[in-house]
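Please look at the sequence and the model that follow, and then read the guided explanation below them.

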Amino acid sequence: MTLRLGWFTTARGPGSRAMFEAVVAARASGLLSGVEFAVVFCNRDRGEDEVTDEFLDRVESLKIPLVTMSSVAYRRRVGGERSRSGEPLPAWRRDYDHDVDRALEGFPFDLGVLAGYMLIFEREFSRSHPLLNLHPALPEGPIGTWREVIRSLIRTGAAESGVMLHLAIPEVDAGPVAAYCRYPIHGPAFDAAWDALGDNTLQDDGAIEASPLFAAIRAAGVARESPLLVATLQAFADGRLVVRDGQVFDSAGQPAAAADLTAEVEAIVASSADAPGIPR
């Protein structure tokens, strides 16, 4: 049985493009032979951004069905307010998601992937469609943006970090975790950077973000984002993981604990041409 993906992206940066290309490459190699793209949806139209336009060209070159609907143009057309962090979504967002759902009716998918999709889906859409979202931390935290996560790891002297994929719900980073991987942030690749931190550094967000340690942790996490996505999609395609009624189940139909795919992820990382430069 083929796992049909709905791919959702704003396509504004290299991270989301890397995840897309990783899945394309894994399909070509046969690693994800049981996975296909049912549709790619982008909340930008052509002409809004050169980087996004390049991604749309790439999708079309692969002959993957593509649907675009500019959220910015939609908001301006209806005179809607901008979404604000920590506040309920404005009314136009419900209408926008409803129109997106209608636009995708001809492209049914089994599992959605949010890859650099810069909108939070309204509750009705996320209930109707299983959607995977990536968070750059272990299931136990920290929460927040990737910058906030790394600052917290450094300030607490954490021994390890990770990347997880969870089901997207309207509450940010709060859905059931499907799979994760972990990696150490101490050891030969990190110890000198830890030693270089001063007490004053820990008190200043900017100083933390300018530190070599911050960059090393970020690089280690980014290196594992695409491999985790590939390993997780493989688990879904193989039937080891199944989404039903907003929960993740195993192949026996039992509620599944978050799958630790560290071994699979590290195998993919090790096979990468960039592996020698990846902090471990």
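By class, eight nonpolar, two polar and two charged residues make up the lining of the largest cavity. In this classification Ala, Val, Leu, Ile, Met, Phe, Trp, Tyr, Cys and Pro count as nonpolar, Asp, Glu, Lys and Arg as charged, and the others, Gly among them, as polar. The model is predicted: local features need pLDDT of at least 70, side-chain atom pairs count only at pLDDT 80 or more, and totals for chains, interfaces and linings use all residues. Residues are numbered from 1 along each chain as its sequence is written, and side-chain values use heavy atoms, with hydrogens and water left out.

Rolling a probe the size of a water molecule over the atoms shows where empty space is left. On a 1 Å grid over the protein atoms alone, a cavity is a set of points where a 1.4 Å probe fits but cannot get out, whereas a pocket is an open set with protein on both sides within 12 Å along at least five of seven lines; lining residues have an atom within 4 Å of a point. Grid points are joined across faces, edges and corners, and a volume is the space filled by probe spheres set on the points.

The structure holds one cavity of 30 Å³ or more, and the volume of the largest cavity is about 70 Å³. Its lining includes Pro136, Trp146, Tyr183 and Glu225. Helix 6 and helix 9 are the elements that give two or more residues to this lining, and helix 9 gives the most, with five residues. Helices (H or I, at least four residues) and strands (E, at least two) are DSSP runs, numbered from the N terminus.

The second largest pocket contains about 420 Å³ of space. Of the 20 residues that line this pocket, Ala22, Ala223, Ser226, Pro227 and Ser272 lie nearest its centre. Helix 1 (14-29), helix 9 (212-237) and helix 10 (262-271) are the elements that give two or more residues to the lining. Among the contributors, helix 1 gives the most, with seven residues. The lining of the second largest pocket has 13 nonpolar, five polar and two charged residues.

How many salt bridges does a search of the whole structure find? The search finds 17 salt bridges, each being a side-chain nitrogen of Lys or Arg within 4 Å of a carboxyl oxygen of Asp or Glu. In one of them, Arg46 pairs with Glu60, and the closest N and O atoms are 2.9 Å apart. This pair links distant parts of the chain, 14 residues apart: Arg46 is in the loop between strand 2 (35-42) and helix 2 (50-61), and Glu60 is in helix 2. Arg46 is partly exposed because its relative accessible area is 41%, given that buried means under 20%, exposed over 50% and partly exposed in between (1.4 Å probe, protein chains only).

Another salt bridge joins Arg147 to Glu209, with the closest N and O atoms 3.7 Å apart. Here too distant parts of the chain are linked, with Arg147 in helix 6 (residues 146-156) and Glu209 in helix 8 (residues 205-209), 62 residues apart. Salt bridges that share partners join Arg147, Arg151, Arg155, Asp205 and Glu209 into one network.

The structure holds zero disulfides, a disulfide being a pair of cysteine sulfur atoms within 2.5 Å. Cys42 counts as buried because its relative accessibility is 0%. Cys181 is buried, with a relative accessible area of 0%.
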